[in-house]
Amino acid sequence: MNGLTVLIIDNENDIQYGMQSLMENWDCKVLTAGSRKETVQLLDGLGYFPDAIIADYHLDDGDTGLDLLGALKRDYRPHFPAMVLTADRTDEIRASVSSHGYALLNKPLKPAKLRAWLSHIANGNRL
């Protein structure tokens, strides 16, 4: 994936670390944030926008990955590849993520599915 920059937003440090380690083995540059505030601070200081964002569905303080991705589209860039991670397998969550045009990956994470999604992005495609 040769330098693809991916932002992981998850309120669990262990998840951030595990995903970062996995994706760095695939030659991705990985940025992490644990909340909306950390995400905004990171993006404001970065000087560029990541190639893709992966956000956990359930964040702290009642915030969701869908809400945060919507705010990023409004405040930073209207179109970017995004994936929502969740252990919630309900049809309601699946439909909501799909209606926003995001990819969905259920926990526990399947590395092959994540890698396939990132490969499509690295090759200039959106899923």
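Is Asp 63 buried or exposed, and what is its relative accessible area?

Reply: In this predicted model, Asp 63 has a relative accessible area of 14%, and because buried means under 20%, the residue counts as buried. Asp 63 takes part in a salt bridge with Arg 36, in which the closest N and O atoms are 2.8 Å apart. This pair links distant parts of the chain, for Arg 36 belongs to helix H2 (residues 36-46), while Asp 63 sits in the loop between E3 and H3, and the two are 27 residues apart. Side chains of opposite charge can pair when their charged atoms come close.

Asp 56 forms a salt bridge with Lys 107, with 3.0 Å between the closest N and O atoms. Since Asp 56 lies in strand E3 and Lys 107 in the loop between E5 and H5, this pair ties together parts that are 51 residues apart in sequence. Asp 56 is buried, with a relative accessible area of 5%, and Lys 107 also counts as buried, at 19% relative accessibility. Through salt bridges that share partners, Asp 10, Asp 56 and Lys 107 are joined into one network. The remaining link in that description is the salt bridge in which the side chains of Lys 107 and Asp 10 meet, at 3.6 Å from N to O. It too connects distant parts of the chain, with Lys 107 in the loop between strand E5 (103-106) and H5, and Asp 10 in the loop between E1 and H1, 97 residues apart. Both Lys 107 and Asp 10 are buried.

The loop that holds Asp 10 runs between E1 and H1, and those two elements deserve a look in turn. Five of the five residues of E1 are buried, so this strand is largely enclosed by the rest of the structure. The burial concerns both faces of E1, with Thr 5, Leu 7 and Ile 9 on one side and Val 6 and Ile 8 on the other. E1 pairs with E2 in the parallel sense over five bridges, and Leu 7 stands opposite Leu 31 in E2.

In helix H1 the buried residues are Gln 16, Met 19 and Met 23. Seen down the axis of H1, they fall within an arc of 75 degrees, so they line one face of the helix. On the other side of H1, Asn 13, Asp 14 and Tyr 17 are exposed. The buried residues of H1 pack against several elements, including strand E1 (5-9), strand E3 (52-56) and helix H5 (111-122).

The nonpolar surroundings complete the picture. The largest nonpolar core has 20 residues, of which Ile 9, Ile 53, Leu 69 and Leu 72 touch the most other members. At least two residues of this core come from each of E1, E2, E3, helix H3 (65-75), E4 and helix H4 (91-99), and H3 supplies the largest share, four residues. Leaving aside neighbours within four places in sequence, Leu 69 is in contact with Ile 53, Ala 55, Phe 80, Ala 82, Val 84 and Tyr 102. Apart from this core lies another, of 18 residues, among them Val 6, Cys 28, Leu 105 and Trp 117.

Conventions
Residues numbered from 1 in each chain as written. Predicted model: local features only at pLDDT ≥ 70, side-chain atom pairs only at ≥ 80, totals over all residues. Heavy atoms only, no water. Buried < 20%, exposed > 50% of the residue type's maximum accessible area, 1.4 Å probe, protein only. Arc of directions from axis to C-beta. Contact = heavy atoms within 4.5 Å. Core = buried A, V, L, I, M, F, W, Y, C linked by side-chain atoms within 4.5 Å. Salt bridge = Lys/Arg side-chain N within 4 Å of Asp/Glu carboxyl O. Pairing = 2+ DSSP bridges.
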